[in-house]
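Work through the following exercises with the sequence and the coordinates open. Each task is followed by a solution in steps.

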Amino acid sequence: MRPLSSRLGPLRHSPVSTVNSLLVSQPPGLIRMHAGEPNVPPPPELIEGLQALVKEYGQRAFAYAPVLGLPELREAIAEDLRALGASVEASQVVVTPSSTTGIYSVLEALLEPGDEVVLTDPTFMMYRPIVESLGARVVWLPEELEDGFQPDPEALKELITPRTKALVLVNPDNPTGRLVAGERLRAIVEYAQDKGVYVVVDEAYRTLVYDGSYDFAWRHSQEAVIAVNTFSKDPGVPGLRIGYIYGPEDIIRALEVLGAHAHFGASSLSQLAILAYLRWPGRWGFRRSIVDLYRARRDAAVRALRRYVPSARFVEPPTGMYVFFDVGAKDSEALVKGLLERARVSLMPGSAFSERYKGALRLTFVTSEPQVIEEGVRRVGQYLASVGIG
Ligand SMILES: Cc1ncc(COP(=O)(O)O)c(C=O)c1O
């Protein structure tokens, strides 16, 4: 047979495949610290609310939903955003079958071969493979551990060319947990808008802020900002595969056209579950309790790292689900393999997120209780010492 599309190349060599293979491997006694998948069940109100909606909707609960999403859910998302401080209308929202699909669709809607996309280094591993598979070029904006991984707006100015189509800002960040806010965020968004460059803000961890508060890029431009979101982290239901995007209306129209040909809408049943969550007034208290729970787990991870991996360099993450710690490994992929096989603990290699911090490791602190996190980090420290690191 003739060869498959060459666009698959960058996706095949992507670190996302590593996560996928780790999701299926379950050796006994493994402490799972690689994927940001909470072990907290969704609130009972989500399930009870879903049952009531299924009764109310009847057959419609199992029918196709409009490609842009159920109108009630788009409205509920816009209301939730307004309550959090971003003035968004339902017409500016599109529901996506996961934010992975959202990320792919936005980049597909924006990019032509030869375009340039500015990504921070480090950044979430999903972006580079997709940008490259669409024939565009990544331009790296370095972020330094010593500066708390904050992007420098002046350095950004040096990177923008007439070919730049977009800047991607994962905020709060995965893997580092850094939060860009205030003047710095305003400077970045206003500069990009001035140059006609889109700012794709990935807001997956927006409600998981332990120190400080979230600042919406949308407040600074409703023309340049396209925000990608997911319900995988709040309320923590990744298996439902629901996300959403809000942005300028021409982007929403483009996503409708693309969605009509790529997936024809997200699952109606999953959308009703999210609708039940967003209509539940108790979600504010639930969110606060999750933030308190994860903050305690973050603190446990940070304490354990200081104790068991004293040479690790890291910034205590003010947000999110991860600690990104530099151990100066020569080959972090080999290290992760050794940790999995010999120490029975799964982490992600720094090379998945960064060229400059490829000797780092990323652990998540949301998958287990503090004692288990501590034991996982103890195993990491013991294994690193056995191979002469740390
Ligand atoms: C920054 C970021 N964006 C998007 C996603 C993907 O979310 P979804 O489960 O909606 O595909 C993740 C998942 O970990 C993430 O960390």
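Predicted model: local features only at pLDDT ≥ 70, side-chain atom pairs only at ≥ 80, totals over all residues.

**Exercise 1. Describe the interface of domain 1 and domain 2.**

Solution. Start with the bounds, which come from an automatic or database domain assignment: domain 1 is 8–41 + 284–386 and domain 2 is 44–279. Their C-alpha centres lie 24 Å apart.

Next, count contacts, meaning heavy atoms within 4.5 Å. On this criterion 38 residues of domain 1 touch 43 residues of domain 2.

Then take the area. The two domains bury about 3400 Å² between them, 62% of it on carbon and sulfur atoms; buried area is the accessible area (1.4 Å probe) that two parts lose on being put together, summed over both. Within domain 1, Arg-287, Thr-319 and Phe-353 lose the most area to domain 2, together 18% of what that side buries.

Last, list the polar terms. The rule finds 5 salt bridges across the interface and 20 residue pairs in polar contact, both at pLDDT 80 or more. A polar contact is a pair of N or O atoms within 3.5 Å; within protein, one must be able to donate a hydrogen and the other to accept it, and residues adjacent in sequence count only if both atoms are side-chain atoms. The elements that give two or more residues to the domain 1 side are helix H1 (8–12), helix H2 (16–24), helix H11 (283–308) and strand S9 (322–326). H11 gives the most to that side, with 8 residues.

**Exercise 2. Which of the 15 residues around the ligand come nearest?**

Solution. A residue counts as near if one of its heavy atoms lies within 4 Å. Ser-99, Thr-100, Tyr-205, Thr-230 and Ser-232 come nearest. For Thr-100, a polar side-chain atom lies 2.6 Å from a ligand oxygen atom. Lys-233 also places a polar side-chain atom by a ligand oxygen atom, at 2.9 Å. On the nitrogen side, a ligand nitrogen atom is 2.7 Å from an N or O atom in the side chain of Asp-202.

**Exercise 3. Locate the cis peptide bonds at Pro-122 and Pro-235, and the positive phi of Phe-149.**

Solution. Most residues other than glycine have a negative phi, and most peptide bonds are trans. Asp-121 and Pro-122 are joined by a cis bond with omega about 5 degrees; Pro-122 sits in the loop between strand S3 (116–121) and helix H6 (127–133). The bond joining Asp-234 and Pro-235 is cis, with omega about 10 degrees, and Pro-235 lies in the loop between strand S7 (225–230) and strand S8 (243–246). Phe-149 has a phi of about 60 degrees and lies in the loop between strand S4 (137–142) and helix H7 (153–159).

Terms used. Residues numbered from 1 in each chain as written. Heavy atoms only, no water. Salt bridge = Lys/Arg side-chain N within 4 Å of Asp/Glu carboxyl O. Helix = DSSP H or I, 4+ residues; strand = E, 2+ residues; numbered from the N terminus.
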